[in-house]
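Subject: Handover of a structure and notes on its features

Dear colleague,

Please find below the structure that I am handing over to you. My notes on it follow directly after.

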Amino acid sequence: MNTQVFVLDNGAYTAKAGLATATPTVVPNCIMKAKSERRRPFIGNQIEECRDLAALYFMLPFQKGYIVNWDIQKTVWDYIFSKECCPINLSQTSITITEPPFNFSSIQEAMVEIFFEDFEVASLLRINPSTLSCYHYRHENPTAKCCIVIDVGYSFTHIVPYVNDMKIKAGIRRIDVGGKLLTNHLKEILSYRQLHVMDETYVVNQVKEDSCYVSQDFYNDMEIAKKKISENSIVKDYVLPDFTNIRRGYLTDPGTDTDSQVLRMNNERFSIPEILFHPSDVGIKQMGIPEAVMDSIKVCEEETWPHLLANIVLTGGCAKFPGFRERLLKDVRSLAPEEYKINIHLPENPITYAWEGGSLLANDSNYSSLVVKKEEYEEEGQAVCYDKFDT
Amino acid sequence: MAVRESGRVKDAMQKRILDEDARKRRQKKALEALEQDNFHEDPHADLVMHKKAPKFQDDLKNATRNKRKTRTADYFKQRFRKNFAQLVEEDLNYNSTVPNYTTAQAPPSAFPDRHFCAVCGFPSPYTCIPCGARYCSVKCLGSHLDTRCMKWTA
Ligand SMILES: Nc1ncnc2c1ncn2[C@@H]1O[C@H](COP(=O)(O)OP(=O)(O)O)[C@@H](O)[C@H]1O
Ligand SMILES: [Mg+2]
Ligand SMILES: [Zn+2]
Ligand SMILES: [Zn+2]
């Protein structure tokens with residue numbers, strides 16, 4: 001029997017899952033409970049069956065980007081492999097699963113144990129999402145010698161340089177800002193300034209996705225946002241969902257006539273994503289992304305710098321904020337030596353870019369040499385995984 | 001209005017001042033809040049959810065998987081039970097090869113901090129003397145004193 005490859009980019013916000021030959025299903029990697037539904041929890045995409053999404057309660061497998069709640073993770077994985085989501089015959093499947101850089105060894109061992117002993121998969125590859133993104137990028141740009149992958153996800157942001165397809169571990173930089181922190185901060189300031197939305201993580205996350213953008217000129221936008229409404233091109237109203245007529249809220253011009261509750265979005269629209277560029281704005285004593293890109297590059301050989309700077313790959317859900325790429329380019333330009341060309345690639349879908357890399361890798365003639373087979377695990381245990389996986 | 005406001009401001013300023021430790025605690029709490037999964041409590045904490053999900057259990061049995069009864073989610077909770085702080089600690093102790101999780105964090109920025117009004121979010125030139133928060137105007141200082149400032153304990 002031929003083994004098929006199933007790619008599972010196991011993000012803290014969503015798992016991107018599917019057979020390498022298909023398209024990925026994006027599954028919320030959590031269990032949710034709704035105030036209005038006492039009878040059942042909602043696992044992954046089951047949330048689509050929930051009518052009233054107000055005050056959703058989240059049970060997440062991840063803490064700070066690493067799996068700690070294994071019962072929740074196992075429940076979501078069971079859901080993913082079930083008839084309801086992506087039914088596959090696991091014993092005839094090779095799984096490519098992602099893990100963050102510097103994943104902890106207890107977590108790695110637990111993952112391996114679950115996949116071989118419980119799911120009984122035919123073989124396993126554990127790999128960083130950035131490495132899959134690098135593979136994807138190199139597939140599209142075969143002449144690029146190096147690239148630097150920026151992954152702006154839910155729990156944090158990683159900057160990972162690759163030279164000749166080799167991950168330069170010493171150059172990896174983590175910024176503890178991702179989409180979760182941005183949503184929580186937005187929740188906090190909206191609750192203080194306008195309306196108590198502290199319990200509305202789900203809704204405010206959508207407010208963030210629908211309203212926020214990355215400013216090209218921060219202090220200038222602040223000046224615009226200070227103007228009165230008629231002269232202020234930034235201020236908008238966000239019409240909140242009521243889960244009767246409106247399931248997802250939307251942005252509209254201020255003062256638009258509506259029966260629904262609205263949030264006024266002004267400097268919030270750009271000061272939220274700005275935290276990715278200046279974590280110190282909320283008291284996190286770390287560099288922002290542009291500075292950290294330079295810090296990462298400086299660890300690599302000087303002769304690779306022009307190649308790295310010419311091949312920056314911007315991935316992860318937060319990369320979808322309008323203006324992200326342009327601003328990053330502007331800031332890196334101002335920090336990098338003038339003689340180097342800078343190019344930033346923003347994929348069409350920055351969320352599934354790593355998954356797509358995994359799908360391409362599954363077709364690589366080398367794939368079978370990267371995996372650990374069930375028989376190898378049974379004979380040599382965890383040790384063979386440490387030997388084989390580069391993480 | 002202006003007179004009353006400045007009177008109130010004066011009053012507050014003469015009260016205690018938040019010491020350095022308390023300011024640090026407050027900052028730490030604010031950062032922890034940004035990591036929280038939920039602000040509110042589990043609305044159905046009284047229900048045992050895994051057992052109340054028959055639909056899902058049935059699906060599991062029917063799934064195109066073979067044999068051996070899978071272990072329950074609870075088993076994994078017991079089997080792997082390290083929290084995040086323990087994982088970092090363990091990593092530093094037993095697996096101290098550099099680079100690692102701890103060394104990979106981005107260092108502090110070389111650029112100076114920027115300051116924003118704790119009330120309205122616009123750039124702020126002034127610091128509240130009692131607590132160290134930033135404010136941009138008398139109006140915002142007023143709301144800050146009324147709502148936060150020394151009213152929070154950390
Ligand atoms: N259109 C969008 N604009 C801004 N942020 C977005 C958008 N779509 C998704 N996100 C954010 O991206 C984050 C998830 O990104 P993702 O790369 O999928 O994370 P992970 O891999 O860690 O699960 C979430 O915080 C989500 O709110
Ligand atoms: Mg991810
Ligand atoms: Zn103000
Ligand atoms: Zn104060």
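Does Arg173(A) count as buried or exposed, and what is its relative accessibility? In this predicted model, Arg173(A) has a relative accessibility of 12%, and since buried means under 20%, it counts as buried.

**Salt bridges**

Arg173(A) belongs to strand S14 (residues 173-175) of chain A and Asp295(A) to helix H9 (residues 289-297) of chain A, so the pair ties together parts that are 122 residues apart in sequence. Asp295(A) has a relative accessible area of 21% and is therefore partly exposed.

In general, side chains of opposite charge can pair when their charged atoms come close. Over all chains, the count comes to 26 salt bridges. Another of them joins Asp118(A) to Lys74(A), with 2.9 Å between the closest N and O atoms. Here helix H2 (residues 105-118) of chain A supplies Asp118(A) and helix H1 (residues 70-80) of chain A supplies Lys74(A), so the bridge ties together parts that are 44 residues apart in sequence. Asp118(A) and Lys74(A) are both buried.

In chain B, Lys28(B) forms a salt bridge with Glu32(B), and the closest N and O atoms are 3.4 Å apart. Both residues lie in helix H2 (residues 20-33) of chain B, 4 residues apart, which is about one turn of the helix. Lys28(B) counts as exposed at 54% relative accessibility, whereas Glu32(B), with a relative accessible area of 44%, is partly exposed.

A network of salt bridges links Glu274(A), Asp281(A), Arg327(A), Asp331(A) and Arg114(B).

**A negative patch on chain A**

On the surface, a patch of negative charge is formed by Glu375(A), Glu379(A), Glu380(A) and Asp387(A). Helix H14 (residues 374-380) of chain A gives the most to this patch, with 3 residues. Glu379(A) has its place in helix H14 of chain A, and with a relative accessible area of 69% it is exposed.

In helix H12 (residues 353-361) of chain A, 7 of the 9 residues are buried, so the helix is largely enclosed by the rest of the structure. The buried residues of H12(A) are Tyr353(A), Ala354(A), Trp355(A), Gly357(A), Gly358(A), Ser359(A) and Leu361(A).

Asp71(A) lies in helix H1 of chain A and is buried, its relative accessible area being 7%. Between the C-alpha atoms of Asp71(A) and Pro61(A) there are 7.8 Å, and the two residues are 10 residues apart along the chain.

His345(A) is part of strand S19 (residues 344-345) of chain A. With a relative accessible area of 24%, His345(A) is partly exposed. His345(A) and Leu314(A) are 31 residues apart in sequence, while their C-alpha atoms are 6.0 Å apart in space.

**Backbone geometry**

Most residues other than glycine have a negative phi, and most peptide bonds are trans. The following residues are noted against that background.

Lys64(A), which is not a glycine, has a positive phi near 50 degrees. Lys64(A) is found in the loop between strand S7 (62-63) and strand S8 (66-67) of chain A, and at 35% relative accessibility it counts as partly exposed. Phe243(A) also has a positive phi, of about 65 degrees, although it is not a glycine. Phe243(A) sits in the loop between strand S15 (236-239) and strand S16 (250-252) of chain A, and at 9% relative accessibility it counts as buried.

In chain B, the peptide bond from Val98(B) to Pro99(B) is cis, with omega near 0 degrees. Pro99(B) has its place in the loop between helix H5 (84-94) and strand S1 (126-127) of chain B.

**Chain B and its annotated domain**

Chain B holds 6 helices and 2 strands, which follow the pattern α-α-α-α-α-β-β-α along the sequence. Of the 154 residues in chain B, 34% are buried. An unreviewed UniProt entry places the feature "domain: HIT-type" at residues 117-149 of chain B. Over residues 117-149 of chain B, the chain is 30% helix and 12% strand, and the end C-alpha atoms are 13 Å apart.

With kind regards

Notes: Residues are numbered from 1 along each chain as its sequence is written. Chains are lettered from A and ligands numbered from 1 in the order in which they are written. This is a predicted model: local features need pLDDT of at least 70, side-chain atom pairs count only at pLDDT 80 or more; totals for chains, interfaces and linings use all residues. Side-chain values use heavy atoms; hydrogens and water are left out. UniProt positions are given in the numbering used here, feature names are shortened, and annotations may be inferred rather than shown by experiment. Patches are made of residues with over 30% relative accessible area and no salt bridge: like charges are joined within 9 Å, nonpolar side chains (Val, Leu, Ile, Met, Phe, Trp, Tyr) within 5 Å. Accessible areas come from the Shrake-Rupley method with a 1.4 Å probe; for residues, only the protein chains shown count as cover. A salt bridge is a side-chain nitrogen of Lys or Arg within 4 Å of a carboxyl oxygen of Asp or Glu. Lys and Arg count as positive and Asp and Glu as negative; His and the chain ends are not counted. The place of a charge is taken as NZ of Lys, CZ of Arg, CG of Asp or CD of Glu. Buried means under 20% relative accessible area, exposed over 50%, partly exposed in between (1.4 Å probe, protein chains only).
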